[in-house]
Amino acid sequence: MSCELRSGLRSAAAFDRLVLPSANLMGRDVWGVLSIRGAQEEEPPDAQLMRLDNMLLAEGVSGPEKGGGSAAAAAAAAASGGAGADNSAEHSDYRAKLSQIRQIYHTELEKYEQACNEFTTHVMNLLREQSRTRPISPKEIERMVSIIHRKFSSIQMQLKQSTCEAVMILRSRFLDARRKRRNFNKQATEILNEYFYSHLSNPYPSEEAKEELAKKCSITVSQVSNWFGNKRIRYKKNIGKFQEEANMYAARTAVNAASVSAHGSQANSPSTPNSAGGQIYTHVSQPCGNHTLCHST
DNA sequence: TACTATGATTAATT
DNA sequence: AATTAATCATAGTA
């Protein structure tokens, strides 16, 4: 199910330029409109227009200047699953692109509005001229104006639709974080490895520890969790392969541990880095001492 | 290009 | 809710 979706996204990789379909909608036969009798058949899906408006508003494209954007992005991330709830690096990228879209949208919208006004006054002038040669009822003028406005608002809707599309594409790309996976920098990996190997007998950092690591590595807490999850399983699967690494970090942190003992003044006892020279991490879960099976009740 | 390393995601498990 | 195990998709490399 998600495979189809993903493969779809994969192939739709041409999103390097998030260009809205150009504003040449204006070039369409605006002039011909006036001669068209049945301007009524401009399918008037107010519902759809509302939907578009709502979405643009929700995504922070049509809302107030700034501030709505991040909220919308957070909402979007949360809606997707919540795993990528707090990315700041990617977030800024997302926001930058979103504001790009937003800017285009606003410029275009303004252009349309201006064109609409210009066109209206132009037609009015024409009518006024004609009124010298033939009588023109106010009703007719009204009708003309309403036709013009209807036409322009339909063009506006297309703009809104295109913008929505662009936002959707941007969002799906943003959400599929695997696409632009980056390796952590050397320093971050060092820090993580250092922690891992110095807590080899129980490589499960607490929430606070994760936060600290995240800060040190300039990555998110969920990334820290991911890293430890991956590391644990991969280490366990092939301890031999990691032996070298383990020794290296064990030696390194042994030196470190001598000088650095406690830098924060937490009430809690620090994690007491057990120097696990060659210790093999074996799932230290001893919930109920003697019992092999610990059924609740 | 094929292979490995690695970060992210997902379903299952507890 | 946190973790495991499997898997995906890309980055880095031979």
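# Salt bridges and helix packing in a predicted model

Guide: Lys231 sits in helix α9. The model is predicted, and α9 has the highest mean pLDDT among the elements of chain A, 97.

Visitor: Why is Lys231 called buried?

Guide: Its relative accessible area is 9%. Buried means under 20%, so Lys231 counts as buried.

Visitor: Which residues does Lys231 touch, leaving out those up to four places away in sequence?

Guide: Lys231 touches Asn193, Phe196, Tyr197, Phe242 and Glu245. Asn193, Phe196 and Tyr197 are among the buried residues of α7.

Visitor: What makes the pair of Glu245 and Lys231 a salt bridge?

Guide: The closest N and O atoms of the pair are 2.8 Å apart. The cut-off is 4 Å between a side-chain nitrogen of Lys or Arg and a carboxyl oxygen of Asp or Glu, so Glu245 and Lys231 form a salt bridge. Glu245 lies in helix α10 and Lys231 in helix α9 (residues 221–237), so the bridge ties together parts that are 14 residues apart in sequence.

Visitor: Is Glu245 buried or partly exposed?

Guide: Glu245 has a relative accessible area of 26%.

Visitor: What makes Arg134 and Glu140 a salt bridge?

Guide: The N to O distance between their side chains is 3.4 Å. With a limit of 4 Å, the pair qualifies as a salt bridge. Arg134 is partly exposed at 33% relative accessibility, and Glu140 is partly exposed at 24%.

Visitor: How many salt bridges does the structure hold?

Guide: The structure holds 5 salt bridges. Side chains of opposite charge can pair when their charged atoms come close.

Visitor: What span does α7 reach, and what is expected?

Guide: The 13 residues of α7 reach 18 Å from the first C-alpha to the last. The span expected at 1.5 Å a residue is 18 Å, and α7 is close to that value. The buried residues of α7 are Ala188, Ile191, Leu192, Asn193, Tyr195, Phe196, Tyr197 and Ser198.

Visitor: Why is Cys217 called buried?

Guide: Cys217, in helix α8, has a relative accessible area of 3%. The limit for buried is 20%, so Cys217 counts as buried. Beyond residues up to four places away in sequence, Cys217 touches Ala188, Ile191 and Leu192. Cys217 and Leu192 are 25 residues apart in sequence, and their C-alpha atoms are 8.0 Å apart.

Visitor: Why are α8 and α9 called roughly perpendicular?

Guide: Helix α8 (residues 207–217) and α9 pack at an angle of about 105°, with their axes 8 Å apart. Angles of 65 to 115 degrees count as roughly perpendicular, and α8 and α9 are therefore roughly perpendicular to each other.

Visitor: Which residues meet where α8 and α9 pack?

Guide: Glu207, Lys210, Glu211, Leu213 and Ala214 of α8 meet Val221, Val224, Ser225 and Phe228 of α9.

Visitor: What makes up chain A as a whole?

Guide: Chain A has 10 helices and 0 strands. Of its 297 residues, 31% count as buried. Among contacts with a separation of 6 or more in chain A, 82% join residues 24 or more positions apart.

Visitor: Where does the pLDDT stay under 50?

Guide: One such stretch is residues 262–297, for which the model has 27 contacts beyond four places in sequence. The mean pLDDT of chain A is 70, and 58% of its residues reach 70 or more. Over residues 1–42 the pLDDT is below 50, and this stretch has 54 contacts beyond near neighbours in sequence. Helix α1 (residues 2–11) has the lowest mean pLDDT among the elements of chain A, 36.

Key: Residues are numbered from 1 along each chain as its sequence is written. Chains are lettered from A and ligands numbered from 1 in the order in which they are written. This is a predicted model: local features need pLDDT of at least 70, side-chain atom pairs count only at pLDDT 80 or more; totals for chains, interfaces and linings use all residues. Side-chain values use heavy atoms; hydrogens and water are left out. Buried means under 20% relative accessible area, exposed over 50%, partly exposed in between (1.4 Å probe, protein chains only). Helices (H or I, at least four residues) and strands (E, at least two) are DSSP runs, numbered from the N terminus. The expected span of a helix is 1.5 Å times one less than its number of residues. pLDDT is the predictor's confidence in each residue, from 0 to 100. Contact means heavy atoms within 4.5 Å. Axes are lines fitted to C-alpha atoms, for helices over the stretch in contact, and angles run from 0 to 180 degrees between N-to-C directions. Angles under 35 degrees count as roughly parallel, over 145 as roughly antiparallel, 65 to 115 as roughly perpendicular and the rest as oblique.
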